[in-house]
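Please read this briefing alongside the sequence and the 3D structure displayed below. The points that follow are grouped by topic.

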Amino acid sequence: MKTLLNDIGTYVYTFNWEPNEEALSALERRTLFGIDTNDGTVESTTKIDPSRSPFIKERIGIICEGESIEELIQEVKGLEAFDGFKIVFVQNPDLEKVGFKKLRKIEKEVGLHLKGEADLDNPSIWLGILNTGDRWILGEYSKNEAVWLRHQWKPNSYSTALGTRVARAVVNIAAPETEGVKLIDPCCGIGTVLVEARSMGIDIIGSDRNPLILSGVRENLAYFGLDAEVSLKDIREVTGQYDAAIIDLPYNLCSVITVEEQLEMLQSARRFASKVVIVSVEDVDDVIGKAGFEITDRCEVSKGRFVRQVIVCE
């Protein structure tokens, strides 16, 4: 897709989440944008690829705007000519849904005032129109490709593993910036977090003390054309320094650990990572404090009666 402008400074994002994921979506937004809101739209100068998040639906990089659709059209008339565009109307989750006939009329009306030729079949430039509630905007449009949906069908899995949506959000919470960061998942299980992180181009390594699952982790990564260093290692044996660690504390019947073992795990993490995102089904606040971490943010995400805590520690 062509880039229409190189100096876009403000972006509007639309969001969508399941009721049980509202708190997780809000935590991810606080991390990525520094904005604490449950609104269905966010306006920010931060540019995020919509496909990074399981909750971002679309992004519009603002090119022009007006207080009304008529004012927007006047601004559109002043744009330079370009060919190969297609306009889509973007529904604002915070406003009443616009009917199909009305939105098509708006798309057509704005498109007729753009200089250049439209290409409805194979556009090279996508443009989005959105009513923010106090103004109308037109801008470069991109949508979420939902790549994590494909990751649900990995060759190896088990029932207690994190879902791909939760895993992807947790990676974003651990690494709001993807460039120049190094992550570790020292209890990587079947590799769900590794797959999501590597699919976003994030440098991450994984380890686990269970030798029976490592071949499955590597197979899962290779199945999606990804690679990552994966080793047989107890968390107490981890060396090196990492920007953040993601730890899904063991909890199934085959991996029951005591409070003392939880403390030892987190004390080990404190040694090699300054930031840790912990996923737990138990109350581990006391253990986190004893390990020398401070809780900076948190949320709960549920699936039926099963509730996980996502805890950000530094």
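Contact, as used throughout this briefing, means heavy atoms within 4.5 Å. The structure is a predicted model, in which local features need pLDDT of at least 70 and side-chain atom pairs count only at pLDDT 80 or more, while totals for chains, interfaces and linings use all residues. Residues are numbered from 1 along each chain as its sequence is written, and side-chain values use heavy atoms, with hydrogens and water left out. Helices (H or I, at least four residues) and strands (E, at least two) are DSSP runs, numbered from the N terminus.

**Nonpolar cores**

- A nonpolar core is a set of buried Ala, Val, Leu, Ile, Met, Phe, Trp, Tyr and Cys residues joined through side-chain atoms within 4.5 Å, where buried means under 20% relative accessible area, exposed over 50% and partly exposed in between (1.4 Å probe, protein chains only).
- The largest nonpolar core has 46 residues, and those touching the most other members are F15, L24, F33, V171, L183, I202 and V310.
- The greatest contribution to this core comes from helix α4 (residues 164–174), which supplies seven residues.
- Leaving aside neighbours within four places in sequence, I202 contacts V171, A175, T178, V181, L183 and A197.
- Another core, of 24 residues, lies apart from it and includes C187, Y242, A245 and V276.
- Helix α4 is mostly covered, with 10 of its 11 residues buried; among them are T164, R168 and N172.

**The sheet and its helices**

- Six strands make up an open sheet of mixed pairing, in the order β2-β1-β3-β6-β5-β4, two strands being counted as paired if DSSP finds at least two bridges between them.
- The edges are formed by β2 (41–44) and β4 (85–89), each of which has a single partner strand, so one side of each is left without a neighbour in the sheet.
- From one strand to the next the twist averages 35 degrees, with axes taken as lines fitted to C-alpha atoms (for helices over the stretch in contact) and angles running from 0 to 180 degrees between N-to-C directions.
- Strand β1 (residues 11–15) pairs with strand β3 (residues 56–66) in the antiparallel sense over five bridges, and the bridge partner of T14 in β3 is E58.
- Helix α1 (residues 22–33) packs on the sheet and touches β1, β2 and β3, its direction making about 165 degrees with that of β1.
- Helix α2 (residues 69–77) also packs on the sheet, where it touches β3, β5 (125–131) and β6 (136–143), and its direction makes about 75 degrees with that of β3.

- Y11 lies in strand β1 and counts as buried because its relative accessibility is 8%.
- Although Y11 and I60 are 49 residues apart in sequence, they are 5.5 Å apart in space, C-alpha to C-alpha.
- Not counting residues up to four places away in sequence, Y11 touches several residues, including V42, E43, S44, R59 and I60.
- A polar atom of the S44 side chain lies 2.9 Å from the backbone nitrogen of T46.

**Cysteines**

- With a disulfide taken as a pair of cysteine sulfur atoms within 2.5 Å, the count comes to zero.
- The closest cysteine sulfur to that of C187 belongs to C188 and is 8.2 Å away, too far for a bond.
- C187 counts as buried at 16% relative accessibility, and C64 counts as buried at 7%.

Terms used. A polar contact is a pair of N or O atoms within 3.5 Å; within protein, one must be able to donate a hydrogen and the other to accept it, and residues adjacent in sequence count only if both atoms are side-chain atoms.
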